[in-house]
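Here are my notes on this model. Please read them with the coordinates open.

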Amino acid sequence: EDAEAGILNGQTGITLTYYETQTDADNAVNEIVSPYVNTSNAQTIFVRAENDATGCFNTVTVTLRVDPVPSPEPNPTQIDVCDDDNDGYAEFDLEQRTLEITNNEPNVVISYHETQTDAETGVNPIVGLY
């Protein structure tokens with residue numbers, strides 16, 4: 001059902017039903033229902049869009065894709081720097097732990113933030129030295 005708004009594009013009076021094959025969608029048999037557990041990754045689902053008044057129908061496809069959740073290193077190695085001028089402040093290169101945090105998983109993007117809220121919303125990333 002997550003794809004319904006995109007399929008209907010504002011149209012009303014249309015019933016959507018879901019099938020594993022084009023033949024099933026064409027014949028309105030073996031309807032699948034939600035919640036649905038995919039049988040492969042990626043999987044094409046066939047959607048039958050039927051006009052409630054006329055019974056006329058068309059079909060479209062929706063691709064179900066399950067992306068893995070990244071599994072970052074929960075306890076990366078601490079970053080230590082020397083306070084050369086004894087003022088209690090130093091610059092840190094946070095990106096030196098990026099590979100360790102990503103566990104070398106491909107296609108994972110890391111950003112650094114000062115607050116949990118900023119991290120969760122993806123705003124105000126720390127860029128460069130901190």
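1. The largest pocket holds about 330 Å³ of space. This is a predicted model. The lining of the largest pocket counts 13 residues, and Glu1, Asp2, Tyr18, Tyr36 and Leu64 are the ones nearest its centre. By class, the lining splits into eight nonpolar, two polar and three charged residues.

2. Arg48 deserves a look on two counts. Its side chain meets that of Glu50 in a salt bridge, at 3.0 Å from N to O. Arg48 also lies over the face of Phe57, 3.6 Å from the ring centre. Is Arg48 buried or exposed? Arg48 counts as buried because its relative accessibility is 7%, under the 20% limit. Glu50, at 28%, counts as partly exposed.

3. How many salt bridges are there by this rule? The count comes to two. Besides the bridge between Arg48 and Glu50, the side chains of Glu100 and Arg97 meet at 3.7 Å, N to O. Glu100 is partly exposed, with a relative accessible area of 28%. Arg97 has 16% relative accessibility, so Arg97 counts as buried.

4. Aromatic pairs: the structure holds zero. The ring of Phe57 does have Arg48 over its face.

5. Where is Asn107 found? Asn107 sits in the loop between helix H3 (98-102) and helix H4 (116-121). Its relative accessible area is 81%, so Asn107 is exposed. In sequence, Asn107 and Pro70 are 37 residues apart. In space, their C-alpha atoms are 9.3 Å apart.

How values were computed:
Residues numbered from 1 in each chain as written. Predicted model: local features only at pLDDT ≥ 70, side-chain atom pairs only at ≥ 80, totals over all residues. Heavy atoms only, no water. Phe/Tyr/Trp six-rings, centres within 6.5 Å; stacked < 30°, edge-to-face > 60°. Lys NZ or Arg CZ within 6 Å of the ring centre and 35° of its normal. 1 Å grid on protein atoms, 1.4 Å probe; cavity = no way out; pocket = protein on both sides within 12 Å on 5 of 7 lines; lining within 4 Å. Points joined across faces, edges and corners; volume = space filled by probe spheres on them. Nonpolar A, V, L, I, M, F, W, Y, C, P; charged D, E, K, R; others polar. Helix = DSSP H or I, 4+ residues; strand = E, 2+ residues; numbered from the N terminus. Buried < 20%, exposed > 50% of the residue type's maximum accessible area, 1.4 Å probe, protein only. Salt bridge = Lys/Arg side-chain N within 4 Å of Asp/Glu carboxyl O.
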